[in-house]
Amino acid sequence: MCKVSVLMAVYNGELYLKEAIDSIIHQTYKDFEFIIINDGSTDKTEEIILSYNDDRIVYVKNKVNLKLIASLNKGLDLVKGKYIVRMDADDICFENRIQVQVDYMETHSEI
């Protein structure tokens, strides 16, 4: 079981999606699952997601657009990690984001 679950829902995110996924895939911290929920996209979102060959990616496809909150709640039912990292399809992360966050949480049990 992984320590971290990265959760991202995306709807028609083709413009920035590749950069967002790359910024997670290339993290210095490697022990994570990456749940990507395609929320009924009609653009090239699915093609971009399926272009990755990474066992950490868990791809979920909504048949229709459920909207962000419903999709994220669906994702919460799937996470296996101790910690959840939220990611948006139009954001990018510093390469050490997850490592910094895990280190902080592991050393601050009061949080």
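In this predicted model, helix α1 is mostly covered, with seven of its nine residues buried. The protein chain contains four helices and four strands. Along the sequence these elements follow the pattern β-α-β-α-β-α-β-α.

**Helix α1**

- The buried residues of α1 are Leu17, Ala20, Ile21, Asp22, Ser23, Ile24 and Ile25.
- The elements that cover these buried residues of α1 include β1, β2, α2 and β3.
- Helix α1 spans residues 17-25 and lies across β1 (4-10), β2 and β3.
- The direction of α1 is at about 165° to that of β2.

**The sheet**

- Four strands form an open sheet in the order β3-β2-β1-β4, and their pairing is parallel.
- At the edges are β3 (57-62) and β4 (83-86), each of which pairs on one side only.
- On average, neighbouring strands of this sheet are turned by 20° against each other, with direction ignored.

**Strands β2 and β3**

- Strand β2 covers residues 32-39 and is joined to β3 by six bridges, the two strands running parallel.
- Within this pair, isoleucine 37 stands opposite valine 60 in β3.
- Together with helix α2 (residues 45-50), strands β2 and β3 make a β-α-β unit, which is right-handed.

**Helix α3**

- Helix α3 spans residues 68-76, and its buried residues are Ser71, Leu72 and Gly75.
- These residues lie on the same side of α3, because they cover an arc of only 100° around the axis.
- Strands β1, β2, β3 and β4 are among the elements that cover the buried residues of α3.

**Glycine 13**

- Which loop holds glycine 13? Glycine 13 is found in the loop between β1 and α1.
- Is glycine 13 buried or exposed? The relative accessible area of glycine 13 is 14%, so this residue counts as buried, the cut-off being under 20%.
- Apart from its neighbours within four places in sequence, glycine 13 is in contact with Asp43 and Thr45.
- Glycine 13 and phenylalanine 34 are 21 residues apart along the chain, and their C-alpha atoms are separated by 16 Å.

**The chain as a whole**

- The protein chain has 111 residues, of which 43% are buried.
- Taken along the principal axes, the C-alpha atoms of the protein chain fill a box of roughly 45 × 25 × 20 Å.
- Among contacts between residues at least 6 apart in sequence, 76% join residues at least 24 apart.
- For the chain of four helices and four strands, the radius of gyration is 14 Å, close to the 13 Å that the globule rule gives for 111 residues, so the chain is as compact as a globular protein of that length.

Technical notes: Residues numbered from 1 in each chain as written. Predicted model: local features only at pLDDT ≥ 70, side-chain atom pairs only at ≥ 80, totals over all residues. Heavy atoms only, no water. Pairing = 2+ DSSP bridges. Axes fitted to C-alpha atoms, helices over the stretch in contact; angles between N-to-C directions. Contact = heavy atoms within 4.5 Å. Buried < 20%, exposed > 50% of the residue type's maximum accessible area, 1.4 Å probe, protein only. Arc of directions from axis to C-beta. Right-handed = clockwise from strand over helix to strand, strands pointing away. Rg over C-alpha atoms; globule rule 2.2 N^0.38 Å.
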